[in-house]
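Good morning, everyone. I will go through one structure today, and I will keep to what can be seen in the coordinates. Please look at the sequence and the model first.

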Amino acid sequence: MRYLIIADIHANIDALTAVLEAEPAWDRLLVLGDLVGYGAAPNEVVDRIRELDPVAVIRGNHDKASCGIEDGSNFNQVARLAAQWTQETLTPSNRQYLKELPAGPEAIDEHVEICHGAPFDEDHYIFDGEDALRALGASGRPLCLFAHTHLPVVFHYEKEVFDGFVPAPDEETIVDLRPDARYLVNVGSVGQPRDGDPR
């Protein structure tokens, strides 16, 4: 089974299309939140994700603000204005779709769970080792896939040893999942990458 895992699309239909064209051979799709926010094509992105029929889609903080679950008062001015514009632009059907997305974490199977921010708080940013260790302790599965920071990273905990690394942008990253280890992996952002790699 080959999964395509995407996150933080942020209403960028061109980037979503490019990712789907670059990864044509997958069996199941997981979406880790923030389908909308910032970008100018929220309906096109939500429509495309709905057409793809993912195994699981969870909400992100921009999804919540753009469908009225939250008001975006904790956003910076640009993000708040984008959320307001998105809420006005979404079709009623797509607004309702976002409203009904579950909060993470969500178990995919006995090995994998997904969340937007962290397994202990869907809106929490995991930027450092302390937060990563807390997330690893809170996760209910050996592999927790997360998003929110827009930065790809892999954290690993095994036999009291904790480490992490940032994948090289020009190389395929393979993580061998060992049975007694726990992993926390951020796949980065489709629609607004912040790793310095415009691809």
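Start with Glu-158 and Arg-178, whose side chains form a salt bridge with 2.8 Å between N and O. Keep in mind that this is a predicted model. Glu-158 sits in strand E7, residues 153-158, and Arg-178 sits in the loop between strand E8 (161-165) and E9, so the bridge ties together parts that are 20 residues apart in sequence. Is Glu-158 buried or exposed? With a relative accessibility of 13%, Glu-158 counts as buried, because the cut-off for buried is under 20%. Arg-178, with a relative accessible area of 39%, is partly exposed.

In general, side chains of opposite charge can pair when their charged atoms come close. How many salt bridges does the count give for this model? The count comes to seven.

The next of these joins Glu-122 and Arg-59, where the N to O distance is 2.8 Å. This pair links distant parts of the chain, 63 residues apart. Glu-122 is in the loop between strand E5 (112-114) and helix H6 (129-138), and Arg-59 is in the loop between strand E3 (56-57) and helix H3 (61-67). Both Glu-122 and Arg-59 are buried.

Asp-123 forms a salt bridge with Lys-64, and here the closest N and O atoms are 2.7 Å apart. Asp-123 belongs to the loop between E5 and H6, while Lys-64 belongs to helix H3, so this pair ties together parts that are 59 residues apart in sequence. Asp-123 is partly exposed, at a relative accessible area of 25%. Lys-64, at 2% relative accessibility, counts as buried.

Which residues are linked in a network of salt bridges? They are Arg-59, Lys-64, Glu-70, Glu-122 and Asp-123.

Staying with the loop between E5 and H6, we also find Ala-118 there. Ala-118 is buried, with a relative accessible area of 0%. Leaving aside residues up to four places away in sequence, Ala-118 touches His-124 and Ile-126. From Ala-118 to Ser-139 is 21 residues in sequence, and in space their C-alpha atoms are 8.5 Å apart.

That brings us to helix H6. Its buried residues are Asp-131, Ala-132, Ala-135 and Leu-136. These cover an arc of only 140° around the axis, which puts them on the same side of H6. What do the buried residues of H6 pack against? They pack against E7, E8 and E9. On the other side of H6, Glu-130 and Gly-137 are exposed.

Now compare helix H5, residues 92-100. The buried residues of H5 are Asn-94, Tyr-97 and Leu-98. Looking down the axis of H5, these buried residues fall within an arc of 95°, so they line one face of the helix. They pack against helix H2 (42-52), E3 and H3. The face of H5 turned away from its buried side carries Pro-92 and Glu-100, which are exposed.

The largest pocket has a volume of about 1,600 Å³. It is lined by 38 residues, and those closest to its centre are Ile-5, Glu-23, Glu-172, Thr-173 and Val-187. Which elements give two or more residues to this lining? They are strand E1 (3-6), helix H1 (13-22), strand E6 (143-146) and strand E9 (182-186). E1 gives the largest share, four residues. By class, the lining of the largest pocket has 26 nonpolar, five polar and seven charged residues.

The second largest pocket has a volume of about 230 Å³. Of its 16 lining residues, the closest to the centre are Asn-61, His-62, Phe-75, Tyr-125 and His-148. The lining of this second pocket divides into four nonpolar, seven polar and five charged residues.

To go back over the main points: there are seven salt bridges by the count, and a network of them links Arg-59, Lys-64, Glu-70, Glu-122 and Asp-123. The buried residues of H6 pack against E7, E8 and E9, and those of H5 pack against H2, E3 and H3. That is all I have.

Technical notes:
Residues numbered from 1 in each chain as written. Predicted model: local features only at pLDDT ≥ 70, side-chain atom pairs only at ≥ 80, totals over all residues. Heavy atoms only, no water. 1 Å grid on protein atoms, 1.4 Å probe; cavity = no way out; pocket = protein on both sides within 12 Å on 5 of 7 lines; lining within 4 Å. Points joined across faces, edges and corners; volume = space filled by probe spheres on them. Nonpolar A, V, L, I, M, F, W, Y, C, P; charged D, E, K, R; others polar. Salt bridge = Lys/Arg side-chain N within 4 Å of Asp/Glu carboxyl O. Buried < 20%, exposed > 50% of the residue type's maximum accessible area, 1.4 Å probe, protein only. Contact = heavy atoms within 4.5 Å. Arc of directions from axis to C-beta.
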